[in-house]
Amino acid sequence: MASGVDRISALPEDVLLHVLHFLPAQEVVRTCVLARRWRSVWRSVPALRFTGTNGWDSADRFVQFVDHLLHLRCAGGGDAPLDSCDFDFDADGFMQLPANERHASHWMWQVVPRARVLRLGVIEFDQEPSPLSDLHLVSQHLTRLELVGVRVNDSVVDFSGCPALVELRMNVCDVFVNQLVSPSLKHLHMARCYSFDHARILISLPSLVSLELIECQGRIPLLGSLPSLARAVVILNGICSDRCSNDRFDCCGNCDGCRDYYGPGYDRDSCMFLKGLSEVTDLELSAYSDVIVFNRDLKWCPTFSKLKTLFLNDWCLAADHNALICFLQHSPILEKLTIQLSKVRPYVMETEGIYKPMGQSIASDCLKVVEIKCVYVDRSVHKILKILTTYGIRLEQINIQHTNKISGSGCFSFVCTGFSEN
């Protein structure tokens, strides 16, 4: 600006607003002192970002600022639309006080009716997820909600007042709810969340298109009707409560994970989880070998009439590849199958498989390629090859991807042309 010309202020207002929406809210407001052109620009910024108390003299000053700004933007009758609002309280200690939790709930209540996208992140180092005080969301505009480090109850996830909501993301949340029900929700992501050990969350979402359940603690949800579901990723690890502590893949009937598998009112003679995934076209099921929920459902396994791509890991190899055979026989238009083998083969007690194969029916005529990803081409890989060829899959359709034992040192692939059964 050597010539003294303010070129930034000369930019079109929509460009200025786009630039400002990347800044924290307090920095946006401070622009009002730059020049006459900037005096009221902050009132029209389509995004608000509150980044916690860092940089403020005290938490009280921060609270006063947020209260005043939201009053001007939300309660003051302003006409400027609010595309997004982000409350990011990660690791600043703000949410450790109950009074500040109430402030956060009140701020969200103010913003929800106007914002299209709302995010609340309240992760505190070595702290439990923070609660929301029985917040009930009501908005005709909210389309996306993201919660990080929040403890939610049935009131928070009652979306009957949010008819436009299409995406819900919850990360590291305590999800103590009985059910997730929404007529509009299309995308659900839950990662590293904690739920009940003694009961299951009912997920009944008729418009749901994609589902991601990743490394969650507690009982796996009970899936209701999901007729629109096209893609699902389910990854269950050692913190899942549906595990057999006696190293059985099916159920020992004695440990806590097996004995309390069915809660009160659940039908013990029906498919609890896989049936809800039966409409998908793209499916990933990964689990520790002692997670019992997938294998127990095989007894009532549905037909995956639309499934085209399938990813499985070691859990499908138990009981002489019982689950692998089941999916081959229940996926009539499957085009691609990927099997990921872990570096260290998991131990499970050998028992008879739950699924009873339907004779020697062959796999899908649509199947184009099978990928086996492994560190070692060993006896386990040979057994998989034998099963695949038994069910009509030609060796030239099978691609073995041999990953290097040293992380980051690459991998190589080859098409199988023969193998020894010895």
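Let me begin with a definition: the expected span of a helix is 1.5 Å times one less than its number of residues, and the helices themselves (H or I, at least four residues), like the strands (E, at least two), are DSSP runs numbered from the N terminus. What you see is a predicted model, in which local features need pLDDT of at least 70 and side-chain atom pairs count only at pLDDT 80 or more, while totals for chains, interfaces and linings use all residues. Residues are numbered from 1 along each chain as its sequence is written, and side-chain values use heavy atoms, with hydrogens and water left out.

Several residues of helix 4 are buried, including Trp107 and Met108, where buried means under 20% relative accessible area, exposed means over 50%, and partly exposed is in between, with a 1.4 Å probe and protein chains only.

A pair of aromatic rings is described by the distance of the centres and the angle of the planes. In our terms, rings of Phe, Tyr and Trp (its six-membered ring) pair if their centres lie within 6.5 Å, and planes under 30 degrees apart count as stacked, over 60 as edge-to-face and the rest as tilted. How many aromatic pairs does the structure hold? There are 15 aromatic pairs, and in one of them the rings of Trp56 and Phe65 have their centres 5.1 Å apart and their planes at 40°, so this pair is tilted. Phe65 is buried, with a relative accessible area of 16%, and both Trp56 and Phe65 belong to one aromatic cluster, together with Phe50, Phe62, Phe87, Phe89 and Trp107.

Another tilted pair is made by Phe176 and Phe196, since their ring centres are 5.4 Å apart and their planes stand at 45°. This pair links distant parts of the chain, 20 residues apart, with Phe176 in the loop between strand 8 (174-175) and strand 9 (179-181), and Phe196 in the loop between strand 10 (187-191) and strand 11 (202-204). Phe176 is partly exposed at 27% relative accessible area, whereas Phe196 counts as buried at 19%.

Now to the strands, where two strands pair if DSSP finds at least two bridges between them. Is strand 12, residues 210-214, mostly covered or mostly open? Strand 12 is mostly covered, with five of its five residues buried, and this holds on both faces, with Ser210, Glu212 and Ile214 on one side and Leu211 and Leu213 on the other. Strand 12 runs parallel to strand 10, to which five bridges join it, and here Met190 stands opposite Leu213. Five bridges also join strand 12 to strand 14 (residues 231-236), again in parallel, with Ser210 opposite Arg231 and Ile214 opposite Ile235. Strand 14 in turn pairs with strand 15 (residues 282-287) in the parallel sense over six bridges, and the partner of Val234 in strand 15 is Leu285.

Finally, the charged residues, where a salt bridge is a side-chain nitrogen of Lys or Arg within 4 Å of a carboxyl oxygen of Asp or Glu. The structure holds 16 salt bridges, among them one between Asp83 and Arg116, at 2.3 Å from N to O. Asp83 lies in strand 2 (residues 82-88) and Arg116 in strand 3 (residues 115-121), so the pair ties together parts that are 33 residues apart in sequence. Asp83 is partly exposed at 34% relative accessibility, and Arg116 is partly exposed at 36%.

In a further salt bridge the side chains of Arg144 and Glu167 meet at 3.2 Å, N to O. Since Arg144 lies in strand 5 (residues 144-148) and Glu167 in strand 7 (residues 167-171), the pair ties together parts that are 23 residues apart in sequence. Arg144 and Glu167 also take part in a network of salt bridges that links them with Asp86, Arg119, Glu146 and Arg169, and with that network on the screen I will stop.
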